[in-house]
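Thanks for coming, everyone. Please have the sequence and the model open while I talk.

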Amino acid sequence: MFTAADFIPNTYTSSIENGNFEWSAPSNIALVKYWGKKDNQIPANPSVSFTLNNCKTITKLGFAKKKNQDSFSFDLLFEGKPKEDFKPKIQKFLERVHIYLPFLKEYHFTIDTQNTFPHSSGIASSASGMAALAMNFMSLEKVLNPEMSDAYFYQKASFLARLGSGSACRSVKGNVVVWGNQANIGGSSDLFGVEFPYAVHENFNNYQDTILLVDKGEKQVSSTVGHDLMHDHPYAERRFAQAHNNLDQLIAIFENGNLNEFIKVVESEALTLHAMMMTSMPYFILMKPNTLQIINAIWKFRNETQIPVCFTLDAGANVHVLYPENVTDKVLQFIQDELVVFCQNGQYICDKIGAGAIAL
Ligand code: DP6
């Protein structure tokens, strides 16, 4: 079993004055949801996600040794322009991970970041953004410690990403990623995400995710506040137990490829996530009328055609439409004909399961 102390490095054997790295990291969509956490970004229940392919953050990290090593020093560029409002989040991240990356105060960093998905699309960029940043810092640490194994490199990258944003730890590796201790999943950990270690049926190869942009506005309640409201939540314990149970069910479903059972777990998880929000104190609703219109239209279409398309939601109004690759044409036609009308400015993004972070 790993502990956080395993990620505190011993002395480094090498050094570097300056240079840069560049990584892309994708977003991910949870099937069993992380909602509720303990101290130090430890999840209240395990979660599992599909890593996406097209929705990515690309981050270049420049670094140069500096004289004054008393504090963190960095510039932040978003799409080539300085972005002051992202800085506090990065500052907090650096403070949290400093004990694991003791070189952080020795360099001035230039963090130059961009997303492949439209700015303010309502798609959270914290998962892909924190994962891309963590990969870059690990590339630097690997220069300082050239002996580092690949396994450690990726585990620690995920560990660091989690300290930036919980779901980010699931964006380092590809396809199906589990985060959180689960008795029946060997190697699963609260500290980092791991690739789902068992068989995944070919029905899930290239699984599609079309993201319908229902509402691109700022959320009224952030995920961080939402997680907090799971403390003293009347249904918390039952919910956390249910997440374990749903993940157990998915182990069998991934193996046997039963899409009807997959749909039941995934849609129930999405609605339960939002039910937790509606039953928090204070309570809140992140779905919009068009979210419900889309859900109803998907249910009707699935009933009429028997095409195994389903939805999931993250902490917002947008709808992720999930379906196997072999029904792509029919589902895209359905989206065009019946769902685009519920999207803000008719916008949606076609994505699918993908491979995880990539060095550029
Ligand atoms: C609903 O990872 O954004 O998307 O750890 O506070 O940064 P923080 O929260 P975050 O929460 C994601 C919640 C979710 C479900 C999920 O991705 O599992």
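A quick definition before we start. Ala, Val, Leu, Ile, Met, Phe, Trp, Tyr, Cys and Pro count as nonpolar. Asp, Glu, Lys and Arg count as charged, and the others, Gly among them, count as polar. Keep in mind that this is a predicted model.

Let's begin with the ligand. How many residues surround the ligand? There are 15, and the closest are Tyr34, Ser165, Gly166, Ser167 and Arg170. Sort the shell by type and you get five nonpolar, seven polar and three charged residues. Helix H4, residues 223–228, supplies the largest share of that shell, with three residues.

Now look at some distances. Tyr34 has a polar side-chain atom 2.7 Å from an oxygen atom of the ligand. For Ser167, a polar side-chain atom also sits 2.7 Å from a ligand oxygen. Gln41 places a polar side-chain atom 3.3 Å from an oxygen of the ligand. How much of the ligand does the protein bury? Taken alone, the ligand exposes 460 Å², and the protein buries 91% of that.

Next, helix H5, residues 236–256. H5 has 21 residues, so at 1.5 Å a residue it should span 30 Å. The C-alpha atoms at its ends are 30 Å apart, so the two values agree.

Which residues of H5 are buried? They are Ala236, Arg239, Phe240, Ala243, Asn246, Leu247, Leu250, Ile251, Ile253 and Phe254. Watch the spacing as you read along. An α-helix has 3.6 residues a turn, so residues three or four places apart point the same way. The buried residues of H5 pack against strand E1 (18–32), strand E4 (47–65), strand E8 (176–179) and helix H6 (259–278).

Val178 lies in E8. Is Val178 buried or exposed? Its relative accessible area is 0%, and buried means under 20%, so Val178 is buried. Beyond its neighbours within four places in sequence, Val178 touches several residues, including Ser47, Val48, Phe192 and Leu247.

Last stop: Gln182, in the loop between E8 and strand E9 (193–195). Gln182 has a relative accessible area of 5%, so this residue is buried too. Again leaving aside neighbours within four places, its contacts are Pro46, Ser188, His244, Leu247 and Asp248. Find Leu247 once more on your screen: this buried residue of H5 is in contact with Gln182 and with Val178.

How values were computed
Residues numbered from 1 in each chain as written. Predicted model: local features only at pLDDT ≥ 70, side-chain atom pairs only at ≥ 80, totals over all residues. Heavy atoms only, no water. Near = heavy atom within 4 Å. Polar contact = N/O pair within 3.5 Å; in protein donor to acceptor, adjacent residues only side chain to side chain. Areas by Shrake-Rupley, 256 points an atom, 1.4 Å probe, with all protein chains shown as cover. Helix = DSSP H or I, 4+ residues; strand = E, 2+ residues; numbered from the N terminus. Expected span 1.5 Å × (residues − 1). Buried < 20%, exposed > 50% of the residue type's maximum accessible area, 1.4 Å probe, protein only. Contact = heavy atoms within 4.5 Å.
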